[in-house]
Amino acid sequence: MNISVVVVGHVDHGKSTMIGRLLYDSDSIKEGRVEEIQKLAEEYKKRFEFAYFLDSFDDELKEERTIDTTGVMFKGKENLYSIADVPGHKEFIKNMLTGASRADVAVLIVAADEGIQEQTGRHAFLIHMLGIKQIFVVINKMDAVGYRKKVFQDIKVKVAKLLASFGYQDVQFIPGSAMEGDNIYKPSSRMKWYQGPTLIQSLDGVKISKKSRLLRFVVQDTYSVDSERVVVGMVESGVLRKGDEVVFRPSNVHSRIEKIKVFQDELEEALEGDSIGIVVDKEVERGDVCGLVKAQPVTVNEFLGEAVLLERKLRKGDKLELRCATKRVECEIKEIREKINSETGEVMEKYPAEIAENEAAIILFATEPLVVEKFSEIPELGRFVLVKGRNIAAGVVLEK
Ligand code: GDP
């Protein structure tokens, strides 16, 4: 099974080193590279640092554009993992919300010598907001605290409490050292007091149900080619078949799929993630969402969302642009129901007049006609950004 893992945690708590360790211990790094990277490390007269692996992977990714940007992969016994590193708070939200990285599982790293820090809570909040249901915690740098059980236990209690406030119960905590390799890929002989699984054993226990989803095709553009009306877009979820009876919303256009085209070829069906052209017998609009007549997308004028503000302030009554998939509409902040501390998940205030940078909120949006889906059901149509000159907030759809 392919599983996408996101590694989160406060800066310098060991995310890159952890990823390097996973790649190294699972033999996912080519022989030549190890030496190359060691040489680099020597040149800098530093201790051998696994973090270098990642940086060099980055360069490789930039050169070879054909590789998926989240294409750092390693293998466990059961699963094949792709990994998304987290450069920083804002980039993380942006990547997650634009779908550049979509994670099934999160690994939260907390350094044993520092414990919970600002981004520990913030990342936990985002993981929760983005609907990632499974999370593992590594209390890292155990080597730096003499592998002491008490340090692990104390931090575990605090982090467990934090995670519980985001709805995560019974989370697996692993005492480890990314640097020394304890309990990451190989069990540690230095923490006899810990009988639980290593990180890779925990990840290998993950099973994800990839159930089939409703068809949602998003219109990017329309063309006329040789008197045919071609609608170009992407199948965001489900399967689209030639002959399907469909409806486009908000346009309210009913049509039949006459042809599915990819370049010169014609297909019988298109799957999730396919960019295609379809030939239909009526006119539709950019931003429309198409679904089967028997499971139609619904146009809304209001929905409830949770958003985190990346800059500026947001007030009740503000009007801004909302972008969801390829659709852009004007929206109004109709009600701010709760202001939420994005570090702790605590509700700070009910019905506040405004929210500030880095705060999150549950907001009732009034919009021009728009198709959205609950993030928990079809994330591709359940995330949005709010724009006022530039992207100022990112959010997910809770209820419609
Ligand atoms: P990131 O910012 O979370 O990606 O953290 P890095 O992986 O860059 O690590 C930050 C620093 O902590 C680097 O100097 C690492 O060598 C060090 N580090 C990472 N993991 C461990 C560990 O398990 N033990 C110790 N002692 N240091 C570590």
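**Stop one: a helix and its neighbours**

Select helix H6: its buried residues pack against strand S4 (105-111), helix H5 (118-129), strand S5 (134-140) and strand S6 (172-175). Contact here means heavy atoms within 4.5 Å, and buried means under 20% relative accessible area, exposed over 50%, and partly exposed in between (1.4 Å probe, protein chains only). Helices (H or I, at least four residues) and strands (E, at least two) are DSSP runs, numbered from the N terminus.

Before going on, note that this is a predicted model, in which local features need pLDDT of at least 70 and side-chain atom pairs count only at pLDDT 80 or more, while totals for chains, interfaces and linings use all residues. Residues are numbered from 1 along each chain as its sequence is written, and side-chain values use heavy atoms, with hydrogens and water left out.

Which residues of H6 are buried? Pick out Val-151, Phe-152, Ile-155, Val-159, Leu-162 and Leu-163. They sit on the same side of H6, because they cover an arc of only 95 degrees around the axis (the arc of the directions from the helix axis to the C-beta atoms). An α-helix has 3.6 residues a turn, so residues three or four places apart point the same way. Now turn to the other side of H6, where Lys-150, Val-157 and Lys-161 are exposed.

Try the distance tool on H6 (residues 149-164) too: its end C-alpha atoms are 22 Å apart, which agrees with the 22 Å that its 16 residues should span at 1.5 Å a residue. That expected span is 1.5 Å times one less than the number of residues.

**Stop two: rings**

Rings of Phe, Tyr and Trp (its six-membered ring) pair if their centres lie within 6.5 Å; planes under 30 degrees apart count as stacked, over 60 as edge-to-face and the rest as tilted. By this rule there are seven aromatic pairs. One of them is Phe-303 with Phe-384, edge-to-face at 5.5 Å centre to centre and 70 degrees between the planes. This pair links distant parts of the chain, 81 residues apart: Phe-303 is in strand S17 (residues 299-309) and Phe-384 in strand S24 (residues 383-388). Both Phe-303 and Phe-384 are buried.

**Stop three: strands side by side**

From Phe-303, hop across to Phe-365, its bridge partner in S23. S17 and S23 pair in the antiparallel sense over nine bridges (two strands pair if DSSP finds at least two bridges between them). Strand S20 (residues 327-341) pairs with S23 as well, antiparallel and over nine bridges. Select Asn-341 and you'll find its bridge partner in S23, Glu-359. How many of the 13 residues of strand S23 (residues 359-371) are buried? Eleven are, leaving the strand mostly covered.

Most residues other than glycine have a negative phi, and most peptide bonds are trans. Select Asp-12, though, and you'll see a positive phi of about 70 degrees. Asp-12 lies in the loop between strand S1 (2-9) and helix H1 (15-25), and is exposed, with a relative accessible area of 61%. Tyr-147 also has a positive phi, near 55 degrees. Look for Tyr-147 in the loop between S5 and H6; at 14% relative accessibility, Tyr-147 counts as buried. Finish at Arg-249 and Pro-250, joined by a cis peptide bond with omega of about 5 degrees.
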